Amino acid sequence: MSVPFASKFLVHMTMPPMLAIGIFLAYIVSKICKPAKTRELIAHRKAQTFKLLIAMILFMYPGLATRCFQMFKCSKFDGVDYLVLETDPSMICFQEEHMMYLILSGVFIGLYIIGIPLMIFVVLWRNKKHLYVKEGEEPTEKHNEVEFEFGGLYTQYEPRFWYFEIIIIMHKCLMTGAMVVVGSGTPLQPLVAMLVQMIFLLSVLKMAPYNDDLDDWSSFISSLALTLTTLAGYTLMMKTNQPEDFVLAPGIITNFLIVSNAAVFVYQIVVIGYVGYQVRLEKKLLLSAKKLNGNSKTQVIPINNNSTGVDEEKVDEIKNWSLRPKLNHKT
């Protein structure tokens, strides 16, 4: 929108409640147009409402963090004796108008930047005993409801790391919003970003929080690429004593960034192909097991393969696959 930064700030900060009102009105319209007749359908619609609201808030979170911290970013230009807001030089910093927006920014930092992760933690903590089903137990109605409503916040993680989504949210806040006010245009900014990214990289590597090992490796490789990107930015901004002399030639750094980031996409394509192959192989083996069993519920495995001509190792493999629970691959 072609409006001053202060107006953009106000519009951006009012987007979450506007979206919440829109989603709530959609829920009311659905109740009026097609009333729910069963208790399960009522609970399902409520869960859908909260699920959509959580998805929209998480989608907007990095932008909200960046916009809030931009209000604190003041700079001094040559020929000007006072600090001005870098995103809107017409606003003088720490004057009456800017102070009002600083207060508003502090309020929204507490409401959104701190409040959203805190709200997620409280919701998950209150439903902690319903997040996962213990081995040998049947899922309860409450578990199914919690999983449908908040499953996107924890189902991809192992039970002991049910809180890891909060770490990811705070990591996004630091890498998008907080970096705005840290030494903009100086080597300090990529240096701090590299340290933050390195801490997150080591956390992912040490904890391996995802259910699937492929997800752990994907998170590690993408975090490594971001760490190398911040390292390249730091190297590019570090100069020697001569003004135009870089530590490394910009062309070398450019090629390094292209290769390191392209490797992430190549790896993800390989992972998708591998998962697709595994799913296809599983279906093929299950179909073979069904043909072997026939219509009988009892599975008969021939012992003497010399008389039947059946490969005993292949039959055992099919048997194991037929007894194996269906996998839920997530990419």
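I began with the largest nonpolar core, which has 34 residues; M13, M71, Y112, I113, I120 and L124 have the most contacts inside it. By nonpolar core I mean a set of buried Ala, Val, Leu, Ile, Met, Phe, Trp, Tyr and Cys residues joined through side-chain atoms within 4.5 Å. Buried stands for under 20% relative accessible area (1.4 Å probe, protein chains only), and contact for heavy atoms within 4.5 Å.

I next looked up who supplies this core: α1 (5-33), α2 (39-70), α3 (96-126), α4 (141-150) and α5 (164-176) each give at least two residues. Helix α3 provides the largest share, nine residues.

A note on the source: this is a predicted model, where local features need pLDDT of at least 70, side-chain atom pairs count only at pLDDT 80 or more, and totals for chains, interfaces and linings use all residues. Residues are numbered from 1 along each chain as its sequence is written, and side-chain values use heavy atoms, with hydrogens and water left out.

I then picked Y112 and found that Y112 touches M13, P16, P17, Y61, L64 and P117, leaving aside residues up to four places away in sequence. I also found a second, separate core of 10 residues, with Y157, V204, M207 and Y210 among them.

For the overall fold, I noted 10 helices and three strands; helices are DSSP runs of H or I with at least four residues, strands runs of E with at least two, numbered from the N terminus.

Last stop, S218: it lies in helix α7 (residues 213-237). S218 is buried, at 12% relative accessible area, and touches Y267, Q268 and V271, not counting residues up to four places away in sequence.

Key
Buried < 20%, exposed > 50% of the residue type's maximum accessible area, 1.4 Å probe, protein only.
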